[in-house]
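Please open the model in your viewer and keep the selection panel at hand.

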Amino acid sequence: MSDNKKEEGLMEKIVSLCKRRGFIYQGSEIYGGLAGTWDYGPLGVALKRNIINLWWKRFVEEKEDMYGVDAAILMNPKVWDSSGHVSGFSDPLTECDKCKKRFRADTLENKEKCGECGGKLGGERQFNMMFKTNAGATEDESSVVYLRPETAGGMFVNFKNVVDSFHPRLPFGTAQTGKAFRNEIAPRDFIFRAREFEQMEIEYFVKPLEWENAFEKFRLAMKGWIKEVGIKEENVYELEVGDGDRAHYSKRTIDFEFDFPFGRKELYGLAYRTDFDLTAHSKGSGTDLSYYDEETKERYVPHVIEPSFGVERTVLAVLTSAYTEDNLGGETRVYLKLSPSIAPVIVAVFPLLKNKPELIEKAREVYTNLKKVIPRVAWDDNGNIGKRYRRQDEIGTPFCVTIDFDTLEDGTVTIRNRDNGEQERVLITELENKISSAIGN
Ligand code: GAP
């Protein structure tokens, strides 16, 4: 089998595992779906939230120079006029004369002939990717608003608010996580290119001449994050984006690309946005967004470094990196080698048998006590122990704890490690320490 075929197979396996085990479902599935939308099930939402929470902890809570914000998704449409999105946030579109299907022109190999019906493709035109809607009861041009296409905008318009409330010294940053919406012409590759997705973004404001230091600082921080969250570093590449390919606001951009099963594609972006946004919003709003530097007694518009992380692309890169097949005890098994810091379940607790009240009672006691000190503990008493291990392996649970008859005699339990299948007998009183040290709590 060629490597490509293997990789194609991997994507199908990941999609199928996600559906079967309650990570990710097609959006509006029972109505035939809605292209470019995905719904997260119980394990998917846990994985996604753990990723967002870990990111927030690392990039906001642990920092002295970072300020979190949570701006509204609907913003005054002038925001997107000033930022250049109304005039320039578009992809080239082409339409088939015959079947009327629309394609993103820059991704087509044959720009003349329709890949679906063989009809003739029309000329290219720019298609704006912002979703438009109307605020209030009047549906005319005066009530048009957009669903935000990036979380960044909410941070620029709140720059002055944060400065006025906290008086931070430069350099400092604002951070925001949340939904963004893009009317992608061709959503594809599972959750990779969706119409509704989430971003985790930072706008880091610096003195104009100090942007290079901050750019380098965040390049390293992004590499550190990639490793910590469990994305295989050897499959990540930094691409210096050339002059003609950068977004309209950027003077330097690095794309972090990842070898997804369908090819090498953008995972994250790091951009130097200069003073483009603050200057544009100052002009557009009539509010002065310059900064008075107490040290130098000068007033100027700060420049911005923007690390931008897609949540769904993180989920997909993590799943691609974690998906493992091996042979354990003569049996093929599938497991997700997820880091305990983001695994939906960290420990699963099993009573050896379901119909022995004394075992259930003891197992419940262990479960309840662990739950008080370890996050994300699950209970599982379905099927035999072997099946329970397989089920937990498949969702990436690092540890399983089994309560058996010996537990009742000597207060010990079996703790089993997901990655090597090894089992160890430990005292219940040692369990918490053992797991805490293994997950680095
Ligand atoms: N504020 C800068 C910005 O939005 P971008 O490169 O357009 O830059 C940033 O998007 C990140 O958002 C991407 O690197 C990717 O992780 C994620 N992203 C962008 N479009 C996406 C889509 N249609 N579906 C899923 N994730 C997307």
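**Stop one: the domain interface**

Six residues of domain 1 are in contact with four residues of domain 2, contact meaning heavy atoms within 4.5 Å. The model is a predicted one, in which local features need pLDDT of at least 70 and side-chain atom pairs count only at pLDDT 80 or more, whereas totals for chains, interfaces and linings use all residues. Residues are numbered from 1 along each chain as its sequence is written, and side-chain values use heavy atoms, with hydrogens and water left out.

To display the two parts, select 3–76 + 151–319 as domain 1 and 345–439 as domain 2; these bounds come from an automatic or database domain assignment. Their C-alpha centres lie 37 Å apart. Between domain 1 and domain 2 an area of about 510 Å² is buried, with carbon and sulfur atoms giving 51% of it; buried area is the accessible area (1.4 Å probe) that two parts lose on being put together, summed over both. Next, select Arg 21, Leu 43 and Asn 50: in domain 1 they lose the most area to domain 2, together 68% of what that side buries.

Now select Arg 20 and Glu 394. These residues form a salt bridge whose closest N and O atoms are 2.3 Å apart; the term denotes a side-chain nitrogen of Lys or Arg within 4 Å of a carboxyl oxygen of Asp or Glu. Across the interface of domain 1 and domain 2, the rule finds two salt bridges. Colour helix 1 (3–20) and helix 2 (42–61), since each supplies at least two residues of the side of domain 1 that touches domain 2; helices here are DSSP runs (H or I, at least four residues), and strands likewise (E, at least two), numbered from the N terminus.

**Stop two: the ligand**

An oxygen atom of the ligand is 2.7 Å from an N or O atom in the side chain of Arg 182. For the side chain of Glu 266, the distance from an N or O atom to a ligand oxygen is 2.6 Å. At Glu 306, a side-chain N or O atom is 3.0 Å from a nitrogen atom of the ligand.

**Stop three: Asp 259**

Finally, select Asp 259, which lies in strand 13 (residues 252–260). Which residues does Asp 259 touch, not counting those up to four places away in sequence? They are Asn 235, Tyr 237, Arg 264 and Thr 320.

Methods: A polar contact is a pair of N or O atoms within 3.5 Å; within protein, one must be able to donate a hydrogen and the other to accept it, and residues adjacent in sequence count only if both atoms are side-chain atoms.
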